[in-house]
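Please look over the sequence and the structure below. Then read the short report that goes with them.

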Amino acid sequence: MEIKGYIEVDIQKCKGCQLCATVCPKAVIGYSDKTNDKGYYYAIMVNEDCIGCGNCAIVCPDSVITAYRAAKK
Amino acid sequence: MAETITKNGQEFDVVWKKPNLQKNDMHYCPGCAHGTLEKLLQEVIDEKGIQHQIIGVSPVGCAVFAYDYMNCDMQEAAHGRACALATGIKRVMPEHAVFTIQGDGDLASIGLAETLHACNRGESIIILFYNNAIYGMTGGQMAPTTLPGQITSSSPDGRDPKLSGMPLKVANIVKEFDGTCYVTRQAANNAVNARKLKKAIEKAVDNSLNNRGTSFIELVGNCPSGWKLTPVESYKWWEENMLKYYPLGDLKTEGGIK
Amino acid sequence: MAEKYLMKGNEALAEAAIRAGIDGYFGYPITPQSEVLEYFSKWLPRKGIAYVQAESEVSAINMVYGAGACGKRVMTSTSSPGFSLMQEGVSYIACAQIPCVLVNVQRGGPGLGTIQPSQGDYFQAVKGGGHGDYRLIVLTPNSVQEQADMVYKAFDLSEKYLNPVLILSDGALGQMMETVEFKEDYVRPEFDDSWATTGKMTNRGMNTITSLYIKPEDMEKKNFELQAKYKIIEENEVDYELCHMDDAEIGYIAYGLSSRIVKKAVDIAREQGIKVGLIRPKTVWPFPKDVIKKYSEQVKAYLSIEMSVGQMIEDVKLAIDCKIPVEHYGKTGGIVLSTEEIIEKTKDMLNKY
Ligand SMILES: Cc1ncc(C[n+]2csc(CCOP(=O)(O)OP(=O)(O)O)c2C)c(N)n1
Ligand code: SF4
Ligand code: SF4
């Protein structure tokens with residue numbers, strides 16, 4: 001199945017501040033139940049609705065997220 | 001933005017990825033927009049390919065370690081003196097863009113004289129003013145920019161304007177100077193604002209490279225730790241209080257001493 | 001022969017800096033130093049060299065920090081109250097190891113004091129002044145000619161050791177007019193600026209200029225590094241002049257303006273058959289300890305002569321571990337030293353010791 005977009009989270013660098021989640025138009029981002037090495041509940045994708053807008057990536061203060069959007073054919 | 005990758009047989013454009021910052025983890029508290037400012041600045045440096053032509057000054061305040069993150073030559077100033085260092089640099093390196101990053105204690109309190117005079121002389125530097133209405137690094141004391149009634153560790157009953165005056169609106173002051181060519185107030189609490197902030201930084205860097213006068217970008221920011229709020233609560237307070245008192249937008253887009 | 005000029009000490013200092021290849025000057029007006037700033041304000045902009053009349057001495061010294069950290073030849077000048085204001089920046093510059101030249105044309109203090117000449121800033125100059133364990137190299141001219149010559153030397157030393165160098169002058173030397181010649185054969189020594197913030201090129205790492213060492217181990221290491229440098233400076237850069245010390249029974253020690261008056265006193269005393277001599281430090285840090293110690297085997301006592309209530313005398317006593325008597329003679333408030341009083345005091349000392 002083709003998807004519209006996705007994100008990659010650099011888990012160990014995430015500080016669990018949730019700013020990414022507040023700016024996601026599709027409520028794609030949720031939080032892990034385990035903590036990373038720093039002790040934060042890190043950002044994860046909780047559904048496949050990502051449209052690759054990059055909002056989460058640009059607001060993340062720690063540059064944790066890389067955002068991808070399906071290339072136009 | 002032309003970078004494309006293939007994953008599971010499908011092609012994707014890279015919409016956003018980490019710029020060429022140094023590898024160190026930033027020490028900023030979770031959710032603090034200090035990090036956003038530096039990464040956007042680094043993006044602009046990368047995109048313009050001017051790493052060899054920009055010199056920065058970090059303040060005393062939470063951004064003191066900016067030189068551990070930014071990937072360009074940097075100097076560390078004494079508390080409040082960043083604009084004086086930047087003046088010294090720019091005067092002997094006129095072909096370079098020169099920036100300062102400064103908190104509100106650094107810029108609007110102890111370094112107000114240095115800031116105003118640099119703007120008045122029209123030094124072609126970029127002043128990145130992180131206004132979080134509090135002294136973050138020293139544990140959340142009142143700053144000149146603290147809002148009326150705002151509780152801080154040194155205004156436990158809320159800032160009383162009778163005792164401490166009203167918040168200082170530095171951008172409004174420096175916009176009056178002939179020396180400034182660009183004065184703007186931006187935020188980074190959502191993607192729209194973060195993108196605008198980046199545009200503002202681009203413009204300011206151009207101004208500095210072309211010696212057009214002082215560019216003053218106030219980033220109305222947050223300080224979850226100093227405000228004693230969770231990151232998520234701080235985003236709300238940021239929008240409901242800070243952005244109301246410090247409205248966003250350009251205060252001036254042309255000027256400089258001709 | 002170089003051309004001779006009749007100039008004020010302050011002007012000679014500025015002219016020498018221009019000839020030494022200054023890249024930037026940052027200052028603030030204060031009597032009795034303002035002619036330095038005024039001279040630069042006329043010539044530097046015309047030559048396309050950076051010049052800023054700063055909003056304060058605090059700002060001026062920090063402009064020096066910024067420009068000096070780009071590897072440029074920069075200086076500032078001031079007088080006592082202004083130098084007090086600069087101390088924060090001086091401490092940062094010393095730790096960050098930024099080469100630059102500072103000038104203090106001393107006036108009388110404490111406080112707003114008087115605009116008359118003084119040597120009351122000795123402690124501030126040689127014992128730190130600002131916070132932390134640091135040293136300035138301190139040169140002490142005693143003529144308009146030396147005010148000029150020491151500028152070249154100050155720049156060269158500051159770049160050799162990546163250390164701020166202070167020219168400790170005073171209001172009289174700054175204001176007096178004498179003939180002066182400028183070096184015609186001066187060549188700036190080679191200077192490696194690979195540490196400076198000149199823009200990160202791809203062939204090197206980031207250059208960071210900082211005085212922040214937050215980890216105790218790092219701060220201690222930095223201090224050891226600085227102390228090792230200071231030791232090398234102490235071994236190599238002591239400078240002094242001797243005058244009639246060979247058979248002296250009383251040794252005078254005086255620097256700067258005082259040393260001129262003391263020289264006169266030596267001549268008068270010698271005419272009267274009194275065996276006195278002078279050790280004149282041309283650097284007060286590093287202090288000429290060894291030579292003072294050497295002559296302590298010969299003289300009966302030292303007389304430390306300063307335009308202050310007695311500051312350098314402490315270093316004289318330390319240099320000789322208080323092995324022979326040391327006395328002080330001085331005037332303050334801009335009142336000039338009297339040769340008669342010096343000779344009276346000498347006679348007293350010869351009777352006593
Ligand atoms: C001369 C001097 N006075 C005081 C301090 C202590 N100090 C360090 S940071 C700071 C204030 C920081 O607040 P701000 O500039 O608003 O920056 P923030 O940490 O909020 O980003 C103070 C007062 C200092 N380092 N130097
Ligand atoms: S904004 Fe960044 S640091 Fe914060 S939760 Fe999201 S990915 Fe983590
Ligand atoms: S104390 Fe405040 S300003 Fe400093 S890093 Fe933390 S949140 Fe940011």
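## The model

This is a predicted model.

## Salt bridges in chain C

Side chains of opposite charge can pair when their charged atoms come close. The whole structure holds 38 salt bridges over all chains. One of them joins D239(C) to K153(C), with the closest N and O atoms 3.1 Å apart. D239(C) sits in the loop between α8 (216–236) and β11 of chain C, and K153(C) sits in helix α6 (residues 144–161), so the bridge ties together parts that are 86 residues apart in sequence. D239(C) has a relative accessible area of 22%, so it counts as partly exposed. K153(C) is partly exposed too, at 29%.

K289(C) and E234(C) form another bridge, at 3.3 Å from N to O. K289(C) belongs to helix α10 (residues 289–295) and E234(C) to helix α8, and this pair links distant parts of the chain, 55 residues apart. With 39% relative accessibility, K289(C) is partly exposed. E234(C) is partly exposed as well, at 30%.

E241(C) and K263(C) meet in a salt bridge at 2.7 Å, N to O. E241(C) is in strand β11 and K263(C) is in helix α9 (residues 256–271) of chain C, so the bridge ties together parts 22 residues apart in sequence.

## A covered helix

Helix α1 (residues 9–19) of chain C is mostly covered. How many of its 11 residues are buried? The count is 9. Among them are G9(C), N10(C), L13(C), E15(C) and I18(C). After α1(C) comes G21(C), which has a positive phi, near 90°.

## An exposed lysine in chain B

K236(B) lies in helix α9 (residues 231–245) of chain B. Its relative accessible area is 53%, so K236(B) counts as exposed. K236(B) is 97 residues from G139(B) in sequence. In space, the two are 21 Å apart, C-alpha to C-alpha.

## Where chain C meets chain B

Here 33 residues of chain C contact 32 residues of chain B. The two chains bury about 2,500 Å² between them, and 62% of that is on carbon and sulfur atoms. E55(C), K200(C) and M206(C) supply 22% of the area that chain C buries against chain B, more than any other three residues.

Polar links cross between the chains as well. There are 17 residue pairs in polar contact and 3 salt bridges. One salt bridge pairs R204(C) with D73(B), at 2.7 Å between the closest N and O atoms. On the side of chain C that touches chain B, the elements giving two or more residues are β3 (50–53), α3 (57–68), α4 (80–96) and β10 (208–209). Which element gives the most to that side? α3(C) does, with 7 residues.

Conventions. Residues are numbered from 1 along each chain as its sequence is written. Chains are lettered from A and ligands numbered from 1 in the order in which they are written. This is a predicted model: local features need pLDDT of at least 70, side-chain atom pairs count only at pLDDT 80 or more; totals for chains, interfaces and linings use all residues. Side-chain values use heavy atoms; hydrogens and water are left out. A salt bridge is a side-chain nitrogen of Lys or Arg within 4 Å of a carboxyl oxygen of Asp or Glu. Helices (H or I, at least four residues) and strands (E, at least two) are DSSP runs, numbered from the N terminus. Buried means under 20% relative accessible area, exposed over 50%, partly exposed in between (1.4 Å probe, protein chains only). Contact means heavy atoms within 4.5 Å. Buried area is the accessible area (1.4 Å probe) that two parts lose on being put together, summed over both. A polar contact is a pair of N or O atoms within 3.5 Å; within protein, one must be able to donate a hydrogen and the other to accept it, and residues adjacent in sequence count only if both atoms are side-chain atoms.
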